[in-house]
Amino acid sequence: MTISVECSCPSGYDDVGGSCYAVLYDGFTWPEAKTMCETLGGYLLEINDGSEHGSIKTWLAPKRSSLGSYVYIGGTNVLVTGQWMFPNTFNTMNYTNWAPGQPDNADSHEHCLSLVNEATFAYNDLPCTRRENSICETE
Ligand SMILES: [Ca+2]
Ligand SMILES: [Ca+2]
């Protein structure tokens, strides 16, 4: 008897309802994480809508104890101040889900996007130079 398993995601990525996601646990700065995702054939996670955010929350829930306080995803306003866009496509982020009080651009120094490691996985702007885990996405 032969069982063939069709796996649509590259090695290291989880198949989450047809999308492919991977956590990098290496403590990269945001630019380093962006480069590493590209090296792994993907890009920093772009949450395109509430449905995708929901999938991400479900996928991350059992990983919370190993994630740290924040996890970097694709999103920056470093190119145009106040305008959040995806770094891979430069498209404006139409869907956002900010944590209460965010984005606060603390010390006028927060231009990179993260998810807060709590049940809602809401958004927080962080300095791009912190070392955090991060999430890659690929087709
Ligand atoms: Ca996406
Ligand atoms: Ca912030």
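Me: Why is D26 called exposed?

Reply: D26 has 12 other C-beta atoms within 10 Å, and a residue counts as exposed at 12 or fewer, as buried at 20 or more, and as partly exposed in between, with C-beta atoms placed from the backbone; therefore D26 is exposed. D26 is found in strand β2, a strand being a DSSP run of E with at least two residues, numbered from the N terminus. This is a predicted model, in which local features need pLDDT of at least 70 and side-chain atom pairs count only at pLDDT 80 or more, while totals for chains, interfaces and linings use all residues. Residues are numbered from 1 along each chain as its sequence is written, and chains are lettered from A and ligands numbered from 1 in the order in which they are written.

Me: What makes the largest nonpolar core a core, and which elements give two or more residues to it?

Reply: A nonpolar core is a set of buried Ala, Val, Leu, Ile, Met, Phe, Trp, Tyr and Cys residues joined through C-beta atoms within 7 Å. The largest has 23 residues, and L44, Y72 and I135 are among those with the most contacts inside it. The elements giving two or more residues are β2, α1, β4, β5, β6 and β7.

Me: How do you know that β5 and β6 pair?

Reply: Two strands pair if DSSP finds at least two bridges between them, and β5 and β6 have four, in the antiparallel sense; the bridge partner of L115 is Y123 in β6.
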